[in-house]
Amino acid sequence: ISADGRSLSRSSYSRIEPADLLVFADIIGQNHVITDPFEVLAANTDWPRDCRGQGGHVLRPGCAEEVSAILRHCQKRRIAVVPQGGNTGLAGGGVPVFDELVLSLSRMNRVLEFVTTIIFTLKLSQLESNSKIDAVAGLVVAEAGCVLADLDSHLSEHGLTVPLDLAAKGSCQIGGNLSTNAGGIRVLRYGSLRGSVRGLEVALASGELIDCGRVNEDESRLVQLMIGSEGTLGVLTKVTLACPPRPANVRLVLIGCDSFQSVLHLFSAARSTLAETLSAFEVMDAATMSAVSDNLKLNCPLSGSSEFYALVETASCDASGSNDAGKLDKFLECLVSLNHESAGSIDAVISNDSRQFGAIWALRERAFEALVADCGPAGGYMQFDAAVSDRLDMQRLVLATRAEFGQLDCVIRVAGFGHLGDGNLHLVVTADPAGAAACGLWPRVEAFVYGWLARRRGSISAEHGLGWKRSAYLGHCKSPTAVSVMAGIKRLLDPQGILNPYKVLPPSALSY
Ligand code: FAD
């Protein structure tokens with residue numbers, strides 16, 4: 001079932017019978033009860049293609065009431081259900097482990113309501129009489145199956161943007177994003193996604209629909225409980241999100257640095273000089289950049305090679321760009337003086353051209369894809385999503401893992417990249433699958449990395465969730481009491497354990 005060879009027994013859920021399929025067809029229509037082997041296989045296989053369940057059915061409800069009716073039936077019959085969004089998750093949370101029913105939200109992709117778009121026209125004495133200040137504050141209500149990029153392009157027509165951006169935006173859904181409390185490249189700018197949620201509609205395991213309304217202190221507690229629950233406490237059907245104004249001016253600087261210390265200096269300089277215009281600060285090491293160029297043939301526009309690469313993005317709503325340009329100049333002055341101190345080893349490219357922009361972002365956004373391509377997906381890599389409080393730990397963990405395993409014949413690469421602004425490291429080890437299996441590499445790597453993080457008080461999951469892959473390791477970052485509180489909440493909301501079983505909590509924490 002998983003790369004590390006953990007095995008688990010199927011719990012005593014009911015198998016899906018022909019009579020159940022008739023009930024489902026009655027609720028959503030025969031066309032939306034999917035049994036086509038090709039589509040079923042796709043829904044059973046996760047994005048990195050290293051978790052594959054054996055479910056035989058996918059249901060595609062068209063509205064919250066249909067989700068509710070399906071769950072009511074599943075609860076009655078004790079059928080296990082996996083809510084699935086865009087299936088881009090990297091923790092094996094959105095696919096069955098055994099033969100669970102897949103509940104796909106893909107048809108529930110409507111933007112329902114544009115609640116408010118407030119445009120203030122202020123005529124202040126110190127402004128010219130026809131000057132306008134647009135302070136646009138918007139709330140969008142969307143079905144949970146809206147694809148992130150589609151939602152963002154809808155919002156762009158109103159001068160707004162989703163306060164979340166990640167490389168999987170073309171496929172992941174806003175419901176999946178909230179269920180994993182996705183991070184991505186804009187956390188530095190807009191904070192955690194959970195802070196932008198103003199309301200949720202959720203179908204509970206019993207099938208009851210709860211609408212955790214709009215801004216309301218009491219309701220927001222329930223909203224926060226559901227965010228990040230990875231489909232184990234309820235199925236999100238509708239989302240109300242506060243959306244910031246869409247930036248009018250975006251610039252990107254790609255910088256090659258000789259040391260991680262230089263990257264950290266640059267991060268401090270970026271925070272103080274770019275201030276509120278800083279919208280992303282990402283880092284990649286040389287091993288990651290070489291995978292991007294070896295495997296995807298993408299070219300880095302910098303002239304030489306470096307140990308680390310930082311992507312610094314600025315964005316503001318100042319259409320003239322004069323405010324940003326002044327701040328960027330100050331940042332570049334810091335860059336020049338740092339370059340002087342490090343004897344000319346820093347190299348940089350600045351872009352505000354949209355085509356070059358996309359090409360530079362692709363180096364970072366396709367990093368994971370490039371690393372997986374080292375060895376093919378089946379058992380050829382292991383990826384971690386670590387959070388650390390000391391930013392230097394981002395490099396220390398990569399170096400420690402490289403020192404421990406890098407010399408083994410089967411290991412191809414130990415690489416690190418991530419969201420420096422949030423202290424979030426994606427560590428990837430790639431290896432020849434047969435060699436890795438022969439020397440029991442993956443359990444050793446997993447034990448080493450999680451042990452290292454536990455000692456440094458880091459977290460084993462920064463933004464991808466625990467899903468199936470990390471559920472057994474929850475005890476590395478949560479006390480036994482915290483785990484049993486989580487299990488208690490699960491039992492209260494889902495007494496039969498039908499929602500996304502085997503995920504998030506270790507099997508020992510729950511017995512159904
Ligand atoms: P799925 O993969 O379908 O499901 C993920 C989890 O959410 C599962 O547990 C599932 O059961 C649950 N779920 C889905 N929809 C619902 C719903 N409506 N109600 C209840 N539960 C639901 N993640 C980041 O955080 N930051 C990144 O920068 C990032 N970059 C990525 C880059 C690439 C190339 C890829 C492939 C993935 C990346 N991810 C990243 C991971 C992934 O895109 C996110 O976890 C995303 O939020 C998952 O959304 P999804 O719709 O694909 O959910």
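The protein chain of this predicted model is built from 16 helices and 16 strands. Its radius of gyration is 24 Å, close to the 24 Å that the globule rule gives for 512 residues, so the chain is as compact as a globular protein of that length. Along the principal axes, the C-alpha atoms occupy a box of roughly 70 × 70 × 45 Å. Of the 512 residues, 47% are buried.

Confidence comes next. The chain has a mean pLDDT of 89, with 92% of its residues at 70 or more. For the complex, the predictor reports an ipTM of 0.99 and a pTM of 0.91. One stretch needs separate mention: over residues 117–136 the pLDDT stays under 50, and the model has 15 contacts for this stretch beyond four places in sequence. Where pLDDT is low, the predicted coordinates should not be read in detail.

The domain assignment divides the chain into domain 1 (111–243), domain 2 (249–368) and domain 3 (378–469). The stretch 117–136, with its pLDDT under 50, falls within the bounds 111–243 given for domain 1.

The loop between strand 3 and strand 4 (101–104) contains Asn87. Most residues other than glycine have a negative phi. Asn87 is not a glycine, yet its phi is positive, at about 55°. A second residue of this kind is Arg457, also not a glycine, with a positive phi of about 55°. Arg457 sits in the loop between helix 15 (441–455) and helix 16 (480–493). Which of the two is buried, and which is exposed? Asn87 has 22 other C-beta atoms within 10 Å and is therefore buried, the cut-off being 20 or more. Arg457 has 11 C-beta neighbours inside 10 Å, so it counts as exposed, since 12 or fewer is the limit for that class.

Val140 belongs to strand 6 (residues 137–143). With 25 other C-beta atoms within 10 Å, Val140 is buried. Val140 and Val239 are 99 residues apart in sequence, while their C-alpha atoms are 8.0 Å apart in space.

The next step is the contact between domain 2 and domain 3. Taken over C-alpha atoms, the centres of these two domains are separated by 25 Å. In the contact, 15 residues of domain 2 meet 15 residues of domain 3. On the domain 2 side, helix 8 (260–274), strand 11 (278–285), helix 9 (286–296) and helix 12 (367–372) each supply at least two residues. Strand 11 gives the largest share of that side, five residues. By class, the side of domain 2 that touches domain 3 has eleven nonpolar residues, three charged residues and one polar residue.

Strand 11 also holds Glu282. Is Glu282 buried or exposed? Glu282 has 23 C-beta neighbours inside 10 Å, so it counts as buried. Leaving aside residues up to four places away in sequence, Glu282 touches Ile185, Leu311, Arg364, His419 and Leu420. Glu282 and Gly199 stand 83 residues apart in sequence and 30 Å apart in space, from C-alpha to C-alpha.

Key
Residues numbered from 1 in each chain as written. Predicted model: local features only at pLDDT ≥ 70, side-chain atom pairs only at ≥ 80, totals over all residues. Helix = DSSP H or I, 4+ residues; strand = E, 2+ residues; numbered from the N terminus. Rg over C-alpha atoms; globule rule 2.2 N^0.38 Å. Domains from an automatic or database assignment. Contact = placed C-beta atoms within 7 Å. Nonpolar A, V, L, I, M, F, W, Y, C, P; charged D, E, K, R; others polar. pLDDT = per-residue confidence, 0-100.
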